[in-house]
Amino acid sequence: MTEPGRIVGAQDYLQQALSAGLPFAIVTGSAESGKSMLIRRFLQSSEVTHCAHLAAATGDQRSFLERVLEQLGFEPFESSCDELRKLLNVFARHEISQGRRTVIVLEDAQDFGPRVLATVQQIVTEDTDDGPPAISFILTGGPDLDRILDSAGMAAVAELTQHRYCLDDPETEPGEAALPRPKLEIMVSGAQVDRFTLDQPRVMIGRHERNDVSLDNRFVSRHHALLVSREDAIYVVDLQSTNGTFVNASPVTRHPLRDGDVIQIGNYRLRYCEPDGAQRPMPTDETGDHADTNVMGPQAMAS
């Protein structure tokens with residue numbers, strides 16, 4: 001069970017997120033970390049006027065919207081999903097004009113289906129298009145929730161889901177949200193196909209499926225490039241690949257990355273994203289600077 005101080009810290013984080021009018025507050029943790037207890041305590045102690053609390057998951061959009069609206073005081077009636085979503089938005093906009101924020105809590109949010117999470121994205125993006133957000137979502141979940149939020153499917157709200165509080169993270173001080181990590185946005189033909197969070201000291205990139213980032217293309221070597229954390233920057237290191245590694249269209253052997261840099265490997269483009277306040281450096285090993293390019297010999301690096 002998580003120590004009481006961390007539960008209090010998570011409550012402070014939730015309160016700070018709502019006070020700041022953030023559209024998302026996200027708390028993750030293991031099954032025994034006390035997430036449900038946290039939500040109960042927070043809702044009992046907060047001054048939230050309108051709250052829909054969904055503790056049981058559903059994968060159906062209509063069921064999700066109906067359950068939210070029923071808890072906000074609306075009687076069930078026959079309407080399309082679009083009409084239900086618009087009703088929720090109109091209600092929340094009216095209430096925020098009166099100084100009353102609407103909060104929607106999804107416990108174990110990773111268990112809600114992709115259609116529901118797509119609906120959440122649509123609600124948030126429509127809401128923020130009209131001005132400051134009138135609805136705040138509180139999402140709790142396990143490690144799978146982090147992976148879902150960092151996936152390409154959640155790209156529409158990626159910038160809004162960066163600040164999180166991890167109940168299991170000893171590095172997170174009470175009241176302090178887990179800061180966003182640098183990421184790679186992986187693109188093919190201009191379309192984003194995946195996103196990878198850089199939370200390891202080394203990240204191997206190549207065609208082989210056992211790489212941390214596997215790129216299925218014949219112009220990519222089995223072990224093509226390596227990302228290495230150092231105190232001053234995260235570096236991309238070419239591993240004597242057949243077709244080379246490029247950063248912003250220039251060939252590189254070892255190059256420090258900055259926010260917005262685009263790494264080209266084969267027909268893939270990997271955009272390096274370092275959000276404001278990103279935790280860097282990543283955890284470092286103790287093998288020294290020269291170990292980075294000696295991970296494997298020439299035979300292993302051959303295409």
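This is a predicted model: local features need pLDDT of at least 70, side-chain atom pairs count only at pLDDT 80 or more; totals for chains, interfaces and linings use all residues.
**Before you start.** Residues are numbered from 1 along each chain as its sequence is written, and side-chain values use heavy atoms, with hydrogens and water left out. Local features need pLDDT of at least 70, side-chain atom pairs count only at pLDDT 80 or more, and totals for chains, interfaces and linings use all residues.

**Stop 1: colour by confidence.** pLDDT is the predictor's confidence in each residue, from 0 to 100. The chain's mean is 84, and 84% of its residues reach 70 or more. Now select residues 281-303. Here pLDDT stays under 50. The model has 43 contacts for this stretch beyond four places in sequence; contact means heavy atoms within 4.5 Å.

**Stop 2: select 61-71 and 81-97.** These are helices α3 and α4, numbered from the N terminus as DSSP runs of H or I, at least four residues. Their axes, lines fitted to C-alpha atoms over the stretch in contact, come within 10 Å and cross at roughly 30°. The helices are therefore roughly parallel (angles under 35 degrees, on a scale from 0 to 180 between N-to-C directions). Show the side chains next. On α3, the contact is made by Q61, R62, L65, E66, V68 and L69. On α4, the partners are C81, L84, R85, L87 and L88.

**Stop 3: find the sheet.** Six strands (DSSP runs of E, at least two residues) form an open sheet. The order is β7-β6-β16-β15-β12-β13, with antiparallel pairing. Which strands stand at the edges? Select 191-197 and 250-252: β7 and β13 each have a single partner strand, so one side of each is left without a neighbour in the sheet.

**Stop 4: zoom in on β13.** Its partner β12 is residues 245-247. The two pair over three bridges; pairing takes at least two. Finish at F246, which stands opposite P251 in β13.

Key. Angles under 35 degrees count as roughly parallel, over 145 as roughly antiparallel, 65 to 115 as roughly perpendicular and the rest as oblique.
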